[in-house]
Amino acid sequence: MPNAAPQIVALGGGGFSMERDSTLLDDYILSLLCSPRPRVCFLPTASGDADHYVVRFYRRFAPTCEASHVSLFRRDQGTGVEDDLASHLLAQDLIYVGGGNVLSMLGAWRAHGLDAILRRAWRRGIVLCGPSAGSLCWFDQALSAFHGAPRMVRGLGLLPYSNCVHYDAEPARRSEYHRFVADGLRAGYAAEDGVALHFRGTALARAVSSRPDGAAFLVEPCERSPAGVSERRLHVEFLGAAGARPATGARELAGDDPRERGDALAVVAA
Amino acid sequence: MSGSQRPVVALDRRQIFAMGGGGFTMEPGNPLLDDFVLSLADVGEPRILFLPTASGDTTSQINAFRARFGERACVPSHLSLFHLRDTTRPLREIVLEQDIVYVGGGSMRNLLALWRAHELDHLLVQAWQRGTVLAGLSAGAMCWFHAGVTRSSGPPEPIDGLALLPGSLTVHADGEPERLPVWLAAVRGGTLPGGWALDDGVGLLFRGERVERAVSSRPGAGAQRVDAIEGELMRKRLDVELLGDGPQAALGGFDEAVEELRRVNRMRRGGSIGR
């Protein structure tokens with residue numbers, strides 16, 4: 001594999017697990033891959049390797065990609081990838097990290113040495129992406145609000161910023177992120193559901209969205225501001241055709257199957 | 001609520017029940033081990049918390065727990081570290097108010113990593129020190145010892161536990177024939193301390209660090225203590241009490257397919273059928 005520039009696509013929310021009616025974000029990610037039939041591996045760790053999530057991944061990617069997944073909970077049972085984790089992951093074009101609990105995911109990754117493998121994958125130019133927990137994990141610091149009071153979680157540190165996802169999903173999220181940055185969390189990026197931050201190396205190259213009004217922000221400490229923080233709205237490109245029907249919001253995703261509805265929410269919660 | 005927390009108890013009042021396999025996830029038709037777990041609490045309707053962490057919090061384990069304990073004299077609940085959104089109270093409150101914590105099987109490597117990530121390991125030690133009964137099978141049994149043998153990465157290999165109990169433990173000694181030889185070799189070679197090997201259906205009750213009882217839900221299921229002395233293995237069978245009203249009662253809820261599998265496994269290991 002040629003040594004391409006490292007790339008990360010960090011989704012504030014969205015993609016196949018959260019947007020039933022829109023493929024725009026996943027299509028954008030796939031457009032970054034050179035291979036006609038790219039190798040795409042899914043890491044559902046943050047959901048506890050939930051079967052329904054794995055199934056939805058294959059439904060979305062298996063038709064056009066060499067799709068596989070790695071389950072860290074079933075390594076004794078012959079499902080997922082059996083052989084050497086490193087050689088499998090380092091042979092991919094894209095590693096897609098699912099949403100869920102970022103703290104649990106990072107703990108399990110470190111126990112299996114996946115943190116080091118993913119760092120190598122990134123340096124080799126394998127594209128890394130994911131929504132929610134699958135976004136937070138790439139940053140040096142992340143604001144997690146999965147349980148109880150929001151807290152800072154240390155990610156893999158590939159991107160030297162902080163990160164906040166689902167920025168529009170809860171009214172308190174923005175003020176919490178501002179408070180953390182004012183109190184010493186490093187400057188970083190906040191993304192709403194349906195917005196993807198595309199980094200080349202460690203620099204933000206583009207911000208794109210599956211929604212006409214999807215927004216992303218750069219939040220920095222600022223001594224001159226009374227709140228101690230400044231927020232700048234970034235330019236976000238809408239991926240859909242002008243005048244096209246906007247994608248369904250993640251929070252509106254509600255199937256007839258209550259379990260599936262629960263899944264969507266579980267994935268939203270990072 | 002700190003008011004509901006118990007005081008620290010003496011070492012010999014701290015109980016751990018470690019099962020080589022069995023209980024509601026493995027013996028849906030046989031409640032003997034799970035009833036024994038409930039009997040260990042010193043209250044009539046114990047609060048029992050299930051931790052399905054090692055499985056990735058699978059719905060099937062949680063449903064099996066509800067099916068087994070939902071109708072019994074207890075207050076059952078479960079804690080899923082992957083779905084903490086459903087949990088509003090601090091983990092500390094939830095864990096320290098329990099009479100029993102029951103840990104399911106799965107990946108021991110992930111179990112310990114997730115507990116550490118959420119600082120649940122410290123809470124469980126505190127719960128034990130305050131008299132909460134710690135119970136579990138497979139990964140949920142080995143985790144309390146200095147070490148165990150896990151298949152978390154595929155092939156069996158030694159792994160460190162929380163070390164509340166001395167020595168090492170290996171599980172499914174009859175049901176998963178590839179695990180026992182790895183443990184025996186590690187004990188013989190000194191990489192693991194001596195300890196216990198438990199068949200499916202057998203549980204060891206520890207009071208403090210001492211084995212008080214070995215009990216079983218299945219006739220014929222065994223337990224052994226193994227130590228290495230100058231490079232030689234000393235193996236000693238433990239006396240195992242069959243729970244329930246004797247062999248007939250136990251057989252009533254016994255899965256014949258499991259017995260068949262165990263027989264085949266014994267044959268594969270070169271042991272005699274029917275022993």
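Modeller: Start with the two chains: 23 residues of chain A are in contact with 23 residues of chain B. This is a predicted model: local features need pLDDT of at least 70, side-chain atom pairs count only at pLDDT 80 or more, and totals for chains, interfaces and linings use all residues. Residues are numbered from 1 along each chain as its sequence is written, while chains are lettered from A and ligands numbered from 1 in the order in which they are written.

Biologist: What makes two residues "in contact"?

Modeller: Their C-beta atoms, placed from the backbone, must lie within 7 Å. Helix α4 (residues 102–111) of chain A gives the most to the side of chain A that touches chain B, with seven residues. Helices are DSSP runs of H or I with at least four residues, strands are runs of E with at least two, and both are numbered from the N terminus.

Biologist: Which strands make up the open sheet in chain A, and in what order?

Modeller: The order is β3-β2-β4-β5-β1-β10-β11-β14 (chain A), eight strands with mixed pairing. Two strands pair if DSSP finds at least two bridges between them.

Biologist: Why is one side of β3 and of β14 in chain A left without a neighbour in the sheet?

Modeller: β3 (66–69) and β14 (237–238) of chain A stand at the edges, so each has a single partner strand.

Biologist: How do you know that β2 and β3 of chain A are paired?

Modeller: The cut-off is at least two bridges. Strand β2 (residues 39–43) of chain A and β3(A) have four, in the parallel sense. They therefore count as paired. In one of these bridges, V40(A) has A67(A) as its partner. Helix α2 (residues 51–61) of chain A packs on the sheet, touching β2 and β3 of chain A.

Biologist: Why is R211(A) called buried?

Modeller: A residue is buried if 20 or more other C-beta atoms lie within 10 Å of its own, exposed if 12 or fewer, and partly exposed in between. R211(A) has 25 C-beta neighbours inside 10 Å, so R211(A) counts as buried. Its place is in the loop between β11 (203–209) and β12 (216–221) of chain A.

Biologist: What puts the buried residues of α2(A) on one face of the helix?

Modeller: They are Y53(A), R56(A), F57(A) and F61(A). Seen down the axis of α2(A), they fall within an arc of 110°, so they line one face. The arc is that of the directions from the helix axis to the C-beta atoms. The face turned away carries the exposed residues V55(A) and R59(A).

Biologist: Which residues of α5(A) are buried?

Modeller: L114(A), I117(A), L118(A), A121(A) and W122(A) are buried. They cover an arc of only 140° around the axis, which puts them on the same side of α5(A). The exposed R120(A) and R123(A) sit on the face turned away. What covers the buried residues includes β1, α3 (85–89), β4, α4 and β5 of chain A.

Biologist: What makes a set of residues a nonpolar core?

Modeller: They must be buried Ala, Val, Leu, Ile, Met, Phe, Trp, Tyr or Cys residues, joined through C-beta atoms within 7 Å. The largest such core has 153 residues. Those with the most contacts inside it are I95(A), V102(A), L128(A), V101(B) and L198(B).

Biologist: How much of chain B counts as buried?

Modeller: Of its 275 residues, 49% count as buried. Chain B has nine helices and 14 strands.

Note on methods: Axes fitted to C-alpha atoms, helices over the stretch in contact; angles between N-to-C directions.
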